[in-house]
Amino acid sequence: MGLLASIVSADTTSASDGGVIARADTSQCAVDAIWPPGPGNAIVPQAVQQDLEVILSQIDPNRVEAIITKLVSFGTRHTLSSQTDPVRGIGAARDWIASQMRGFAAAARKGTNVSVTVPSYIQQPTGSILFAVNISNIITTIQGTDEPNRVYIITGHYDSRVTSIDNFTDDAPGADDDASGVAVAMELARIMATRPPPRATIMLGAVAGEEQGLFGSTFFAQQMKDAGMDVQGMFTNDIVGSPKGDDGFIDPNSIRLFAQGIPSTETAAQISQRVSVGGENDSPARQLARHTHDVASNAATGMSVRVVYRADRFLRGGDHEPFLDQGFPAARFTEPHENFAHQHQDVRVASNGEQFGDLIEFCDFDFITRVAKVNGAAIWSLAQAPGTPTNVQLDTSVLTNNSTLSWDLDPSPAVAGYEIVWRPTEEPFWTNVIPVGLVTKATVLISKDNAIMAVRAVGKNGYRSPATFPLPD
């Protein structure tokens, strides 16, 4: 039986019968009510719900501009610049960001638990860290009501640089790289603090030491790992300030999202297994990116998320990488066409009249606002949805043209059921969806040889999780 064959059966036996665990509540995924014939329905993007629509409507380009203007006013935010000068250097920028974040927390809606921390450590000299220096992150945490240990993170980095990585005295405006990303995180913190709390925890932060080697984000990722936090999604926004490339082309309605393939934490044996079943394009990071494309490419954001299937750009790196190294799904947002004359450059005018430097005049605040909307749609949809399904397996014990998938049942009463999503192997995004109910096992009449399949959870509130790719059991 081929790819477009009919679907199936699902195991709904109870635990007392010695079978697969299931619950009686199948109100939104009733097997007899919504199973379609054939290979399921064509996937349609998740609708923008009213709670999310309200958040996105409040993102303000004037506030985005004000944040970037203030950050640029500190002259330089180089990691090695002054920590104590009240008006110039990274210390002044840190203190201002923390003050703003604390103001957002103080104005939080009653019942929404918002806290601000400034975790710090002393980085000893190494590489471009010329002397021992304080590395401080500013983190705003909006605690989840149902699953506070399940976490989603957005960051930008607030340090800046010029041409020489060792020059910590000259002006380094860092408007695009990366005051733009910090503005995204801060504006979302301001708005989400005023809303009813999400089901899972949201963390919005500004990290330091990115330009010298991802020091702040490495510290942050290690803290999350050490605390046993279940980080199911992390986004860095780095260079998200302009839709105009160095060739003059303007692409105002798209944003790139870089997503790693084979996870950096997998062993040689795990990589071999993934390659053997054709799962190179279905890592947790790429499922996170597919989910973001689904929930954030729409009229509410005014943007199209362009998923790029690699961890980052050539010769570059970003603050998502330490999270990937800890085994957390993470991805990087970056503007669609970069202008390298406006990154990592001394502020100057060349002999041909070209202006160099990361100046605020090159930022497009309406574009950054739309980027913030993409981030808001992504993180709110994740935090309101059930967690990503776990222990998803594909039965390969017998030769058959059917495909049997199994997974662990999420104990949360907010889960309505599960869906199997699939696509032809050559397609980049999911094309079809098969609702299978509140079960832990289902058999679909689709050949696993011809398709890529995965399982996602559906909440009673209509939000859906990222999908999980099954490995052979």
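**Figure 1. Confidence along the protein chain of the predicted model**. The mean pLDDT (the predictor's confidence in each residue, from 0 to 100) of the protein chain is 92, and 92% of its residues reach 70 or more. Over residues 1-8 the pLDDT is below 50, and this stretch has 32 contacts in the model beyond near neighbours in sequence, a contact being heavy atoms within 4.5 Å. Residues 12-38 likewise stay under 50 in pLDDT, and the model has 57 contacts for them beyond four places in sequence. In this predicted model, local features need pLDDT of at least 70 and side-chain atom pairs count only at pLDDT 80 or more, whereas totals for chains, interfaces and linings use all residues. Residues are numbered from 1 along each chain as its sequence is written, and side-chain values use heavy atoms, with hydrogens and water left out.

**Figure 2. Surroundings of Ser-242**. Ser-242 is placed in the loop between strands β9 (230-237) and β10 (254-259); strands (E, at least two residues) and helices (H or I, at least four) are DSSP runs, numbered from the N terminus. With a relative accessible area of 8%, Ser-242 is buried (under 20% relative accessible area, 1.4 Å probe, protein chains only). A polar atom of the Ser-242 side chain lies 3.1 Å from the backbone nitrogen of Lys-244. Not counting residues up to four places away in sequence, Ser-242 touches Asp-176, Glu-335, Pro-336, Phe-362 and Phe-367.

Figure 3. Of the 20 residues of α11, 19 are buried, so the helix is largely enclosed by the rest of the structure. At the start of α11, the backbone nitrogen of Asp-366 has a side-chain oxygen of Asp-364 within 3.1 Å.

How values were computed:
Buried means under 20% relative accessible area, exposed over 50%, partly exposed in between (1.4 Å probe, protein chains only). A polar contact is a pair of N or O atoms within 3.5 Å; within protein, one must be able to donate a hydrogen and the other to accept it, and residues adjacent in sequence count only if both atoms are side-chain atoms.
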